[in-house]
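Hello,

Here is the structure we talked about. Please open it first, then read my notes below.

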Amino acid sequence: MQIFKIIIFHFLLCAVCLTQAQSVQTYFPSANVAWKNIKTEYGAVGDGISDDTKAFQKALKTQLNPYNSVVAIYIPNGTYLVSDSIRALMGYYDCCLILQGQDPVKTIIKLKDKAPGFQDPNNPRPIFQTRAGNQAFGNYVFNLSINTGIGNAGAVGIDYITSNYGAMRNVNITSPDGSAYCGILMERQWPGPGLLKNISINGFKYGIRLGTCEYSMTFENITLKNQSEAGIVNSCNTIAIRNLNSSNKVPAVVNTNARLVILDSKLNEGNNNNHGIVVSGKSLIFARNICSTGYKGALSVEDKTIQGAKVSEYHNQPDYSLFSNPGKSLGLPIEETPEYINNNPADWANVADFGAKPTNPLYGFFDATDEIQAAFNSGKKAIYFGEIGDNNTAYCIYKDIVIPPSVEIITGFNLGKFNFFNGSKFIVNNTGSSPLFIERTKGIQLHNNSKRTLVMRFLESCLYTNTINNTNGKVFLEDWVNPFEPKFPVQMWARHFNTEIQPEDQRNIDNPGGKYWILGLKTEGRANIIRTSSGGATEVLGGLIYPASSFSGKTQTAFTIQDACLSIVGLTMTTYVNNGWYGIAVEETQNGIAKSLPSDKIWADSPYNFSFFSSSRGNCGVSTSVTKANSVAPQFSIFPNPVSDFFTLKNEGIDWESAVLKNTLGQPVRTFFFPEKLNLSGLQNGAYFLVVYSKKGEQLQTLKIIKS
């Protein structure tokens, strides 16, 4: 019976591993892809016996391109035994480390047992180390496992820093005997902004450690198990976490003098002597939908238990508002980012096979438009741009290219770069049966003229525009380092959203009536951060606002709301210069009534933290009206209904101030003020909704009205 149980256990374990292996992309074409293969280029063996240290050390010190210092390494399946640290170049401009494993389960870098120099937890030593500083752009680690071996109490899986853009994704880090120091260490200057997603850490004294007060990191789908001191330790940094799954006796998160936004997380197998999340010092904490088992409670702030085993929503610093609202974050519905998996080599096409090549127009003209269009029209599902040349070359495009519905993914493997001329763009005209993935490139210019869902991730210096045909379409952004200003409303979910717009007369993000959900926002510049208008709703969960230079005056607005909804939680603010902050934190206009929140108010209450802001809910349809307990709901009626032109708003002696007429998309089309005549003349026939407000700006009732 015991043998049978063991067989079943191993069967289930293999099934789990097989499922994980099949749930990610594991086929990567080699033809004309400019990364270097650790085996064929540098002589690594990957048999779990040979020492491959020198091969990795050589690879990380070999620049792929002397003009942008990319170090791009492909690591096929195998177990690569190492005995020393593997460190990236430390020069000021040495960025862009790309470690691409083939499979997160079968690609393993393993430290030798009892490796010399890895024994002292007071002097931790990493297996891998990226360079530090705020020039550490574009450090990417994909699809691999790191094993710290046995008897290495000072070992760190990876000492990781990235700046502005960069990510770790589909990475497993294990300490087999649990004795190693830390899975992921981010305590050098300066961690972030960047994205860690689909990360599993088993064992270690600490799962993840963050230090220094800048900049910020975003986490999603993090699994922590069997840490001996704490799952995550955050000292002074700003982090946003969604879907943390911790199985630990020790605290899952220890947040000291730092900013923490955490939501949709499960903290299990706790010890009754601990809390799941421990917050102390001058910390900002926003927690929502946190469940725990075994602990004293899910959350402790300054030794006080908050809401028991489950935290529905909590924040510990001042909240701000300009109009009546429920006092909660918007809680917009969250959709998971779609995934793309295509391990069939026959579906992949290299643009080089159609004659496309990267060039520099300063030194030699080559128009790759027709060649790229031919690749797109080939019927292949996956199109890749894997070449990179010297002296800042790129794929040069001089007229529009249409992406047919047969294309499912366009990727540059963090190497390909585009230059668009004459206002040209990639155009999406057809919805297709699957999302379109565009990833791992620089310089994409995309115009969506369809309802096709877009997944845009690991992109830099890109542009997204749309048409009315894209209204309410879906866009997923991850590791997005660009502005986002569609002309027509969309549904957008973003993980690690970094905008870098400097001029005061410009804008980082515009939401003209859509629904935007942002986990981990970072800005650098003086532009208006977000404008939400026309019945739109924007929810910001954590991040860093960094103007980086002085403003010309004291009238610039950070966040603008125009008959729409916005909630902000857990932002930190940094400035180093005189007059280096927005004069107005929020300017909100609802139904013709304008109010503003001066930034001085925030600085006086809670320096450096914009802890919580919630707008009126009246113009975005996110939640029901705000009413006092035990009050009787207002009873309004419309006569006549259907309406050709004039109508009357009947009530039972209830005062009202204004009424906003919205179309079926939730966009305001007309506003009325008491006691003016109510008139629908000039509007198209059809269904509308009339939202009635009190003199205090509270939503009283919503009524359906038919224009005939």
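How many bridges join S48 to strand S49? Three bridges do, and the two strands run antiparallel. S49 covers residues 646–650. Strands here are DSSP runs (E, at least two residues), numbered from the N terminus. Two strands pair if DSSP finds at least two bridges between them.

Some background first. This is a predicted model, where local features need pLDDT of at least 70, side-chain atom pairs count only at pLDDT 80 or more, and totals for chains, interfaces and linings use all residues. Residues are numbered from 1 along each chain as its sequence is written, and side-chain values use heavy atoms, with hydrogens and water left out.

Back to the sheet. Ser637 stands opposite Lys650 in S49. The open sheet has three strands in the order S48-S49-S52, with antiparallel pairing. S48 and strand S52 (678–679) are at the edges with a single partner strand each, so one side of each has no neighbour in the sheet.

Next, the loop between strand S47 (609–614) and strand S48 (637–639). Asn619 sits there. The side chains of Asn619 and Gln590 are joined by a polar contact of 2.7 Å. Such a contact is a pair of N or O atoms within 3.5 Å; within protein, one must be able to donate a hydrogen and the other to accept it, and residues adjacent in sequence count only if both atoms are side-chain atoms.

Best wishes

Methods. Helix = DSSP H or I, 4+ residues; strand = E, 2+ residues; numbered from the N terminus.
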